[in-house]
Amino acid sequence: MGGWRVVFVDVSELIGEPKAVRHPLPLSVAAELGKRKAAQIVATGAEAYASANPGCLVQVTSALRGAGRPLPAFHPIELLDASIRGVPKDQLLAEARR
């Protein structure tokens, strides 16, 4: 499953210490945080993104949709599975959640 360029987006400055966000955020705060994360991802020129945090996947996917920039979203295990099974990149992107 070649043809991918991996770019890490550091959102630590957006959320501070991960242990500081242990409780649900107010919806308006969570939505704003999602928009800021999504903007950083879009700025990379990514054609897809991955996160090991299911909450982050939902938050960013929603923000990207709201911005009219839906991108294929993956958990890293989905990418590993696709690689092991030899799923072509185009097929993986076409079948991904957005």
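Contact here means heavy atoms within 4.5 Å. The structure is a predicted model. Among contacts in the protein chain between residues at least 6 apart in sequence, 58% join residues at least 24 apart. The chain holds 5 helices and 2 strands. Along the sequence these elements run α-α-β-α-β-α-α. Of the 98 residues, 27% count as buried.

The pairing of helices α2 and α3 was examined next. Helix α2 covers residues 27–43 and helix α3 covers residues 54–66. Their axes come within 8 Å and cross at roughly 75 degrees. Angles of 65 to 115 degrees count as roughly perpendicular, so α2 is roughly perpendicular to α3. On the α2 side, the contact is made by Ala30, Leu33, Gly34, Lys35, Lys37, Ala38, Ile41 and Val42. On the α3 side, Cys56, Gln59, Val60, Ala63 and Leu64 take part. By class, this contact has 9 nonpolar, 2 polar and 2 charged residues.

Helix α3 was then considered on its own. At 1.5 Å a residue, its 13 residues should span 18 Å. The expected span is 1.5 Å times one less than the number of residues. The end C-alpha atoms of α3 are 18 Å apart, which agrees with that expectation. Just after α3, Gly68 takes a positive phi of about 75 degrees.

Burial within α3 involves Cys56, Leu57, Gln59, Val60, Thr61, Ala63 and Leu64. Cys56, Gln59, Val60, Ala63 and Leu64 also contribute to the contact with α2. The cover over the buried residues of α3 includes helix α2, strand β1 (49–50) and strand β2 (73–74).

Thr61 belongs to helix α3. The relative accessible area of Thr61 is 6%. Buried means under 20%, so Thr61 is buried. The side chains of Thr61 and Tyr49 are joined by a polar contact of 2.4 Å. Neighbours within four places in sequence aside, Thr61 is in contact with Tyr49, Cys56, Ala73 and Arg98.

Val42 sits in helix α2. Its relative accessible area is 23%. Val42 is one of the α2 residues that make the contact with α3. With neighbours within four places in sequence left aside, Val42 is in contact with Leu64 and Arg69. Leu64 is among the buried residues of α3. Val42 and Leu71 are 29 residues apart in sequence, yet their C-alpha atoms are 8.9 Å apart in space.

Val9 lies in the segment before helix α1 (12–15). Val9 has a relative accessible area of 32% and is therefore partly exposed. Apart from neighbours within four places in sequence, Val9 is in contact with Gln40, Ile41 and Thr44. Ile41 also belongs to the α2 side of the contact with α3. Val9 and Thr44 are 35 residues apart in sequence and 8.3 Å apart in space, C-alpha to C-alpha.

Key: Residues numbered from 1 in each chain as written. Predicted model: local features only at pLDDT ≥ 70, side-chain atom pairs only at ≥ 80, totals over all residues. Heavy atoms only, no water. Axes fitted to C-alpha atoms, helices over the stretch in contact; angles between N-to-C directions. Helix = DSSP H or I, 4+ residues; strand = E, 2+ residues; numbered from the N terminus. Parallel < 35°, antiparallel > 145°, perpendicular 65-115°, else oblique. Nonpolar A, V, L, I, M, F, W, Y, C, P; charged D, E, K, R; others polar. Buried < 20%, exposed > 50% of the residue type's maximum accessible area, 1.4 Å probe, protein only. Polar contact = N/O pair within 3.5 Å; in protein donor to acceptor, adjacent residues only side chain to side chain.
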